[in-house]
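Please read the numbered points below alongside the sequence and the model.

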2 protein chains.
Amino acid sequence: MVDFLRAGLDVTVYCVDVYSFLVNYVHPMEVVAHRCEYYRLLVSAVLQSLGVQLSQVKFVSESSLAYSKDFVVDMQKLCALMTQQDARSTCDEVATTKMLSPMLCCIHQSLSEEYLAMDIQQRLHLMNPMVAGLDGLKMSSSKPPDTKIEFLDDPDTVWRKVHNASCPPQQIIENGVMELLKHVLIPVSEMRLEQKRGQTGLNTDEAKSGSQRPFVTDSAPDDAVFSVSRQRGMDPLHFASYMELERAYISGVVEPEPLKEAVASAFNGLIAPIRRIYQESKEWQEVDRAAYPEE
Amino acid sequence: MVDFLRAGLDVTVYCVDVYSFLVNYVHPMEVVAHRCEYYRLLVSAVLQSLGVQLSQVKFVSESSLAYSKDFVVDMQKLCALMTQQDARSTCDEVATTKMLSPMLCCIHQSLSEEYLAMDIQQRLHLMNPMVAGLDGLKMSSSKPPDTKIEFLDDPDTVWRKVHNASCPPQQIIENGVMELLKHVLIPVSEMRLEQKRGQTGLNTDEAKSGSQRPFVTDSAPDDAVFSVSRQRGMDPLHFASYMELERAYISGVVEPEPLKEAVASAFNGLIAPIRRIYQESKEWQEVDRAAYPEE
């Protein structure tokens, strides 16, 4: 999303509350509405933590579009054009279910894109900011919570999760820690380095945000995007790209334990502003309680 | 419907335009809207022809209710509570189809009753004002047009349909003409006799309508509801109830041909005011063309 903003696109964060109700059909619609609001606050905080001005991003909920007469009429027209088999096949991709409501989901998705006048759709897995889980395997919402770092995890939880993550020495296959570096930490660090250099892309609002420093130690060279500290008395290692770090890891120069230390520390630095926004926002805390009442 | 009005009930004529679109899904929604309007004009004319003041009856279309947010939210909630199998089973009762839209029909029907705050639902088969077809067999919309009299049929068409109708001598089984007498003509005639006597039920507005005479000849006794003319020189036969007529028919005293003459004549008298309203209404004629463009 930040890449799109920097590329000068108009970015809309679309909360599919109606779709979510229809596809999941377990939680009452009121709880789904609270979750939509929860995500709005979370995404706002994440974007702020990445240096985005909230005025640059538009937030739209599906429920603000999907109850217009035009939308409902179009929904009925598409229901009249679609076979039950096609609706079932499409909804089987997202949910194995015997219930009726998920059969309407694909229509809601298509109409949403139409009613938003959307050009590009970018799916963001908000709760899972990495492609693979910390176990190094494919991420899935049904996996145990320890396989993913959540935006509001406290520092000790982050340390524990990273410590327990899959990180086989000299191997990058099924290595959850290296995945996190490749897909989250190094890209963010690269962006911060660019901001530090005044390279703000097409999005000039970016310059207004207090840019944060890359995940490097004080002694790092100007082009470093990641540092790994070593035993006392030894200088940290600095890397200018993910590929450099990967080569060092495969060769054995970077070992799992120091890497995990650096990753947990960087990740805590990354999410600290999000936790702070949560702690300072009575509104968000109340929405959290309403959205996840059982927890 | 007239019975309900005479019993003092509030009567609402509900045009299920949205349901009709979803269940049939072949005609564009715009054509369905024209048909809804066509039926409103037809039902209005039929009621007027039966002596009802239109101010007594409320006309509501489903589309005036079904696009409120409350309705759509309730629709989604019911979709989330209903299994695909239940939706399919219910829609199989009304339509054998592979399309998605009919699966929503049972929910639209239930919600309509709820949103109308309806106490009693009375189904009226508007185009088929008799229980059996003129062939004496169960009525169905897929049967040939000659098996039913339509409200706008011209006199010659009515004569031809009644003449060709099933009417086995001395038999009331599979006898379309006797069915028409039992379920349409005699009940209307009985009502007209009551109106003539000033028995207007609870509905006092009824008295304002110019009451029409029962289907009897001038010489009929005061309690007659149906007359059958015979050969030249013979007096007509008069009946005070359907049961009296039925007994006379079974005994052979009333023969098929004179009965058909009397039935066609009575039916033409019944629908003449409806035809007249149609011929005088440019609006209705235009709606007819828009609603049934292929005819």
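1. B:Lys161 belongs to helix H7 of chain B, which spans residues 155–164; helices (H or I, at least four residues) and strands (E, at least two) are DSSP runs numbered from the N terminus. With a relative accessibility of 5%, B:Lys161 is buried, where buried means under 20% relative accessible area, exposed over 50% and partly exposed in between (1.4 Å probe, protein chains only). Setting aside residues up to four places away in sequence, B:Lys161 touches B:Leu134, B:Pro145, B:Asp146, B:Lys148, B:Ile149, B:Glu150 and B:Asp153; a contact means heavy atoms within 4.5 Å.

2. Basis of the values. This is a predicted model, in which local features need pLDDT of at least 70 and side-chain atom pairs count only at pLDDT 80 or more, while totals for chains, interfaces and linings use all residues. Residues are numbered from 1 along each chain as its sequence is written, chains are lettered from A and ligands numbered from 1 in the order in which they are written, and side-chain values use heavy atoms, with hydrogens and water left out.

3. Chain A as a whole. Chain A contains 11 helices and 4 strands. Of its 295 residues, 48% are buried. Among contacts in chain A between residues at least 6 apart in sequence, 65% join residues at least 24 apart. The chain exposes about 15000 Å², of which carbon and sulfur atoms supply 51%; accessible areas come from the Shrake-Rupley method with a 1.4 Å probe, and for residues only the protein chains shown count as cover.

4. Relation of the two chains. What rotation superposes chain A on chain B? The rotation is 180°, with 0.0 Å of shift along its axis and an RMSD of 0.1 Å, which is the relation of a two-fold axis. The same surface serves both copies, since 100% of the contact residues of chain A recur in chain B. Copies are superposed by least squares on the C-alpha atoms of residues with pLDDT of at least 70 in both.

5. The axes of helix H2 of chain A (residues 17–24) and H4(B) come within 8 Å and cross at roughly 25°, so H2(A) is roughly parallel to H4(B). Axes are lines fitted to C-alpha atoms, for helices over the stretch in contact, and angles run from 0 to 180 degrees between N-to-C directions; angles under 35 degrees count as roughly parallel, over 145 as roughly antiparallel, 65 to 115 as roughly perpendicular and the rest as oblique. In this pair, A:Val18, A:Phe21 and A:Leu22 of H2(A) meet B:Gln76, B:Lys77 and B:Ala80 of H4(B).

6. A salt bridge between chains. B:Lys77 also pairs with A:Glu30 in a salt bridge (3.5 Å, N to O); a salt bridge is a side-chain nitrogen of Lys or Arg within 4 Å of a carboxyl oxygen of Asp or Glu. The pair crosses from helix H4 of chain B (residues 69–81) to helix H3 of chain A (residues 29–49). B:Lys77 is partly exposed at 29% relative accessibility, and A:Glu30 is partly exposed at 46%.

7. Salt bridges within chain A. The count over all chains is 12 salt bridges. One of them joins A:Glu194 and A:Arg6 (2.7 Å, N to O). A:Glu194 lies in helix H8 (residues 176–196) and A:Arg6 in helix H1 (residues 2–6), so the pair ties together parts that are 188 residues apart in sequence. A:Glu194 is partly exposed, at 29%, whereas A:Arg6 is buried, at 12%. A further salt bridge joins A:Glu37 and A:Arg40 (2.7 Å, N to O); these residues are 3 apart in helix H3 of chain A, and therefore about one helical turn separates them. A:Glu37, A:Arg40 and A:Glu283 are linked in a network of salt bridges.

8. Most residues other than glycine have a negative phi. B:Tyr25 is partly exposed at 25% relative accessibility, and B:Gln170 is partly exposed at 46%.
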